[in-house]
Amino acid sequence: MKTIQETEQDIIDEFAVFDDWMDKYAYLIEIGSATEGMEEGQKTEENLIKGCQSQVWFHAEMRDGLLYFHADSDAIITKGIAGLLVRVFSGHKPEEILQADLKFIDEIGLTQHLSPTRANGLLSMVKQIRMYALAFNNLPTT
C-alpha cells in the first residue's frame with residue numbers, strides 16, 4: 001500500500017502531462033466516470049456533504065484499523081474530485097489522514113481553477129473526510 005504522500009505525487013504526475021485546464025477537466029470527468037458509485041442505501045442525508053452545489057455523498061468504514069471511503073455525486077466533475085480524495089485517503093489509518101497536508105490539491109491547480117462553488121465543495125469534502133478520521137481515531141480499540 002502506498003503512503004498518502006506517494007499517492008498524492010502520483011496524482012501530481014498524472015495531471016502534469018496536461019498543459020491546459022480543459023484537458024485537466026476532461027481527465028477529472030474520466031476519473032468521475034471510472035469512480036465506482038455508492039449503493040443507493042448509502043446515499044442518505046447523513047452521508048450528504050453540506051456546502052456542495054451538487055449532491056455529494058461520502059461514506060466511511062473502519063476495517064482492521066484502516067479507514068475506507070466511498071463517494072458518489074450527481075455531477076461528474078465533482079465525482080472525479082471525490083474519486084481523487086477516495087484514492088488518496090482510503091486504506092489509511094485515521095491519524096495518517098489527519099496529518100496529511102494535501103499538497104496535491106494546490107499542485108495540480110484545483111483550488112485556482114475550480115469555480116468558487118466547486119472549490120467550496122472540495123473544502124467541504126476534505127473537512128468531512130477529516131471529521132470521519134477524527135471520529136474513528138477516537139474510538140476505543142477492542
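I began with the side chain of Ser-73, which reaches the backbone oxygen of Gln-55 at 2.9 Å. That side chain also reaches the backbone nitrogen of Ala-75 at 3.1 Å. I count a polar contact as a pair of N or O atoms within 3.5 Å; within protein, one must be able to donate a hydrogen and the other to accept it, and residues adjacent in sequence count only if both atoms are side-chain atoms.

A note on the source: this is a predicted model, in which local features need pLDDT of at least 70 and side-chain atom pairs count only at pLDDT 80 or more, while totals for chains, interfaces and linings use all residues. Residues are numbered from 1 along each chain as its sequence is written, and side-chain values use heavy atoms, with hydrogens and water left out.

Is Ser-73 buried or exposed? I found Ser-73 buried, at a relative accessible area of 9% (buried is under 20%, exposed over 50%, partly exposed in between, with a 1.4 Å probe and protein chains only).

Ser-73 sits in strand E2 (helices, H or I, of at least four residues and strands, E, of at least two are DSSP runs, numbered from the N terminus). Beyond four places in sequence, Ser-73 is in contact (heavy atoms within 4.5 Å) with residues including Ser-54, Val-56 and Thr-78.

Next I checked the pairing: E1 and E2 run antiparallel, joined by eight bridges (strands pair if DSSP finds at least two bridges between them). I noted Leu-67 in E2 as the bridge partner of Met-62.

Last, I looked at Met-125, which touches Val-56 and Thr-78, among others.
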